[in-house]
Amino acid sequence: MSTAPHFVPGHEPPARPRDGALLFLARGMDVLVQEHEGAVSIPTGAAFPELATEAHYLGALDGQDCYAAVLPEDFTPPDGFKKVPGRSLYRRLDDVRFAVVGRSISIAEWDLTHRFCGRCGTPTQLVPGERARRCPVDHTPFYPRIAPAIIVLVTRGDTMLLGRNATFPEPMFSTLAGFVDPGETLEQCVAREVKEEVGIEVKNIHYFGSQPWPYGRSLMVGFTAEYAGGDIQVDPKEIAEAHWFTPDNLPRIPPRISIARQLIDSFVERVKGPPATP
C-alpha cells in the first residue's frame, strides 16, 4: 500500500546541493511547472541554478528539499515549462505538493514585496534563523503576512444557509466569509459578517477548524453558528442571493479542497448520517 507524501516545514537551508531539490518558482498567483504528455511536475534546482541559489528553503518533502523563489517578471519559460495559476494545480498534483505550491506563493510574495523598508525605503536584509527581512537602519522586521478571515456555516434545524457571492464567475453557492477587522474577536467577526451580508442574527458560534488559503493570501478560520432571528436581506454588493437548503436539495457547492465544503459535508453527515460502507 502506498503512503501519502510527508512534508516537514523548515526555514534553515541544509548544507547540501540544491540541484536535486524541488524548486517552486512563483510570481503573483502563478507557478512554473514542467509539462510532459499532459502531466505536470515541479522543476528541480538543476533546471534553474541561478534562481535556486537565491531561493528560500521551505522544508523537505519525503526527504527531498523544497525551495521557493520569485519568478522574474521578464522570465520566458523554456520549452517544456509553463506558468500556470497555482490554484489550477488542484488534482493535477497530490494534495501535499499542492499545499507546498500555496506555501511557495506566499513566501515568494513576501520576498518580493518587502525588499525595501516601508518606513525609510532602505533595502531590507534577510534575518538568519527566521523567516523575516529587516531594515538595517530602523530595524523594522517584516514577516510573511497572513490575513485572518472567518468562514461560517449557519444552520437552522436541518437546513443550512448558503449564499452566492456577487463576484463569483460561476453560479456556485457557499458558506459566508469575511476578513477580521482590527480590534474584534473571531466570534464578533462571525456575527458581524453574517449580519452585514444576509441580515440575520446568529448564536452558539463554535470553532470548526482552519485552513491556510494562500490563493487569497489568508488564513480561513471556520465556524458553525445557529440561526437566532431575522429575515434574509442580502447586501447586493457582496451577495447575489442566499437561501436555506436541505442536504437533499443542495445547489452547486465548492470543491472538496475548501474548508467551505468541509463545513457543508460535516453538516450533511450530521443530518443524514455517515455514508454507507460497501
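**Ground rules.** I number residues from 1 along each chain as its sequence is written, and I use heavy atoms for side-chain values, leaving out hydrogens and water. Because the model is predicted, local features need pLDDT of at least 70 and side-chain atom pairs count only at pLDDT 80 or more, while totals for chains, interfaces and linings use all residues.

**Confidence.** I looked up pLDDT, the predictor's confidence in each residue, from 0 to 100. The protein chain averages 92, and 97% of the residues score at least 70. I then went through the elements, taking helices (H or I, at least four residues) and strands (E, at least two) as DSSP runs numbered from the N terminus.

**Nonpolar cores.** I took a core as a set of buried Ala, Val, Leu, Ile, Met, Phe, Trp, Tyr and Cys residues joined through side-chain atoms within 4.5 Å. Buried means under 20% relative accessible area, exposed over 50%, and partly exposed in between (1.4 Å probe, protein chains only). The largest core has 42 residues, and Phe24, Leu58, Leu89, Val101 and Leu162 touch the most other members. Elements giving two or more residues to this core include β2 (22–27), β3 (30–36), α2 (95–113) and α4 (259–272). The largest share, 7 residues, comes from α2. Apart from this core I found another, of 17 residues, with Ile150, Val154, Leu176 and Phe223 among them.

**Salt bridges.** I counted a side-chain nitrogen of Lys or Arg within 4 Å of a carboxyl oxygen of Asp or Glu. The structure holds 16 salt bridges.

I checked Glu35 and Arg92, whose closest N and O atoms are 3.8 Å apart. Glu35 lies in strand β3 and Arg92 in the loop between β7 (81–85) and α2, so this pair ties together parts that are 57 residues apart in sequence. Glu35 is partly exposed at 31% relative accessible area, and Arg92 is partly exposed at 37%.

Next I checked Asp181 and Arg192, which meet in a salt bridge at 3.6 Å, N to O. Asp181 lies in the loop between β13 (176–179) and α3, and Arg192 in helix α3, so the pair ties together parts that are 11 residues apart in sequence. I also found Asp181 and Arg192 linked with Glu184, Glu193 and Glu196 in a network of salt bridges.

Last, I noted Lys195 and Glu201, which form a salt bridge at 3.1 Å, N to O. Lys195 is partly exposed at 40%, and Glu201 is partly exposed at 40%.
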